[in-house]
Amino acid sequence: MTKKIIRYGLIFVFFGYSACAESYDDSVLEIVSKILPRLVLMSSQKNTIDNRIGICVAHEPSDTEEADTLIRKIRTNYPTGIKGYPLVLSSYEYKNVAACQKNQIAFLFDSNGETIKKAVRILHKNGVLSMSYDPIYLENGVESSLFIGRKVTPYIHFDVLQQNGIEIDNALLQISKIYSQRDGK
Amino acid sequence: MIRNISIELKMILGAILFVLLLSGFERYEFTQNILSQFAESKKAKNTLLVNTISPIVGLNISLGLDDANHEYLDQIVRQNHDLTHFLLTDADNRVLYRYTKNVPPISHTAKDGVHSIHRPILDPVTQERIGEVTLRFDDHEYRQLLEKNHETGLRIYLITFFALLLFVAYIRQEFRFLKQLSRHVHNYDPRINNFSLQSTERKDEVGIIHNAIVSMVDRIRSHTVLLDDMNRSLAQKVEERTKELQDANVRLLELSTTDPLTLLPNRRYLEDHLHNIWELAKRQNVSVSVIMCDIDHFKRINDTYGHIIGDFVLKDIALLLKTVLKRNTDFIARFGGEEFIVILYDTGVDDAKNVCQSMQAAISSKKRFEYQGISLETVTLSFGIASVIPHTDSQYYDLINLADMALYRAKQEGRSRFVSIGN
């Protein structure tokens, strides 16, 4: 009986954990790791750089490991920084997202819409460029994401960028897909 | 046939040909310019293409967006039909994208930027070299245009070359004709009439000039014959006139030196002759004798029988006196009126006296003088002889004066005698 209880308990924990944890595509994360520092340098955010580029990763507690993975990937791709700027990488849970205020960009792992909205509001207030894993959050005011279709391309919420006074390099715009409310709907 | 076309027309045709050739060259140059502009525009278009895709491709590579890169480059290849080869490699020379269309290889005349472009791909952020892109473009149209233009150029050159050859041959032929004409005109000598060219059938300007010269030479020839005849006639007339002049001169000389009545030398000639004899005797240091003789009572003859009879007497006496003188150097002249002078070179007074005696004998031997039925009494002469060896200071007329003095004395002493003065 005890064995049964233990077995069912383990099955419950496993499925419970699996149900709460999101699955992230490694290749997409790889792209994200490459795009984050460049997004800073190819936007007006480069004007806010003070000897370093700060990249913040916001996540739910369940995505801590994924966030670490992303940070590792960024470090792997940019071991000495980029264009002479060292990268300062940090990871915070959504409840501490305000800690991202001194960074140039924040990457948002999946969460519920309200949390995302709240985080975005804080980030925008502090002039931090936001990027989410899931493009669905663009409708919540996230400024950029990745469009994943037959190919993966940057996904830009141009209206929000304009509202926040952030400009994007022309080359980046050319390879990006521009988000519109219709897409969201 | 061609020689019947006027040079004027030939020149007009030559000018038209020249203008056509010039237009051909101009067209060739124009096409070359268009080709170079075509090449430049193609180069600009290709450069623009590479400049457009390079940052996008660079960004895609740097972000690892391989699928996006592929899709983008596929789209580029689809939109650029002249693109025959596209190769994108990363910094480690790994092929990231390749596209090759089956087209002929690019010719060796292919130009960079027009037919192919090779460009490094830079990271748009770091400007590091992250790959290379090589594009090749179809040069079929360009090559076709170039070949066509080269063919046109070659045709123009060939036409020009053959036209030039023909022109040179024609000029040489024309000049040979003109040179031959010039040589004949140069060597033409009307005296030997060595112009052998005949009239030509040519109707052009060269033919006209040729025939004009031949006609002119004919006229010169006939005029030369006429002139020769006139010259010959003139020479004959000159010869005749010269002969007449010479005769007249001789007659004039005779008239100027001869007494027309007695036909003896006159006084002028006498003086010239005596002067010469005088100078000769002075040099030879020999004697010169002068006998001056005068017909006694000649005025009475004139008064009695008239001057005509007097003239006959003078002529006879002159003839008689002349016949007495034998030596070549002996000389007799009429001195004036009824006076005669005899000059005897290298003759002393004694020999002169002998001559006088001979003269008296000759006169006295003529018993009577008859003229036109009139018989004259005996005529006598008085002689004055002067004989000297001329010296430096003496003059010939001194001798005449001496002879005159001697004659005067002979007259004073009773006439019909001789009186001598000198050694």
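This is a predicted model: local features need pLDDT of at least 70, side-chain atom pairs count only at pLDDT 80 or more; totals for chains, interfaces and linings use all residues.
Chain A contains 185 residues, and 45% of them count as buried. When contacts in chain A with a separation of 6 or more are considered, 60% involve residues 24 or more positions apart. The accessible surface of chain A amounts to about 9800 Å², with carbon and sulfur atoms supplying 52% of that area.

Chain B can be described in the same terms. Here nine helices and 11 strands are found. Chain B has 423 residues, of which 39% are counted as buried. Contacts between residues at least 6 apart in sequence again give a view of the fold: in chain B, 67% of them join residues at least 24 apart.

In general, the strands of a sheet pair through backbone hydrogen bonds, and the pairing can be parallel or antiparallel. In chain B, four strands build an open sheet with the order S2-S1-S4-S3, and their pairing is antiparallel. Strand S2 (95-100) and strand S3 (116-122) of chain B are the edge strands, each pairing on one side only. On average, neighbouring strands of this sheet are turned by 10 degrees against each other, with direction ignored. Within the sheet, strand S1 (residues 83-90) and strand S4 (residues 129-137) of chain B are joined in the antiparallel sense by seven bridges. Across this pairing, Leu87(B) stands opposite Thr134(B) in S4(B).

Helices accompany the sheet. Helix H1 (residues 7-63) of chain B packs on the sheet and touches S1, S2, S3 and S4 of chain B. The direction of H1 makes about 30 degrees with that of S3(B). Helix H2 (residues 66-79) of chain B lies across S1 and S2, running at about 20 degrees to S2(B).

Helix H1 of chain B also contains Leu9(B), a member of a nonpolar patch on the surface. The patch is formed by Leu9(B), Ile12(B), Leu13(B), Ile16(B) and Leu20(B), which together have about 470 Å² of accessible area. Leu9(B) has a relative accessible area of 42% and is therefore classed as partly exposed, since that class lies between 20% and 50%.

Finally, two residues stand out for their backbone angles. Most residues other than glycine have a negative phi. Leu263(B) is not a glycine, yet its phi is positive, at about 60 degrees. Leu263(B) sits in the loop between helix H4 (205-257) and helix H5 (267-284) of chain B. With a relative accessible area of 61%, Leu263(B) is exposed. His297(B) likewise has a positive phi, near 50 degrees, in a residue other than glycine. The loop that holds His297(B) runs between strand S5 (288-295) and helix H6 (298-305) of chain B. His297(B) counts as partly exposed because its relative accessibility is 37%.

Key: Residues are numbered from 1 along each chain as its sequence is written. Chains are lettered from A and ligands numbered from 1 in the order in which they are written. Side-chain values use heavy atoms; hydrogens and water are left out. Two strands pair if DSSP finds at least two bridges between them. Helices (H or I, at least four residues) and strands (E, at least two) are DSSP runs, numbered from the N terminus. Axes are lines fitted to C-alpha atoms, for helices over the stretch in contact, and angles run from 0 to 180 degrees between N-to-C directions. Contact means heavy atoms within 4.5 Å. Buried means under 20% relative accessible area, exposed over 50%, partly exposed in between (1.4 Å probe, protein chains only). Accessible areas come from the Shrake-Rupley method with a 1.4 Å probe; for residues, only the protein chains shown count as cover. Patches are made of residues with over 30% relative accessible area and no salt bridge: like charges are joined within 9 Å, nonpolar side chains (Val, Leu, Ile, Met, Phe, Trp, Tyr) within 5 Å. A salt bridge is a side-chain nitrogen of Lys or Arg within 4 Å of a carboxyl oxygen of Asp or Glu.
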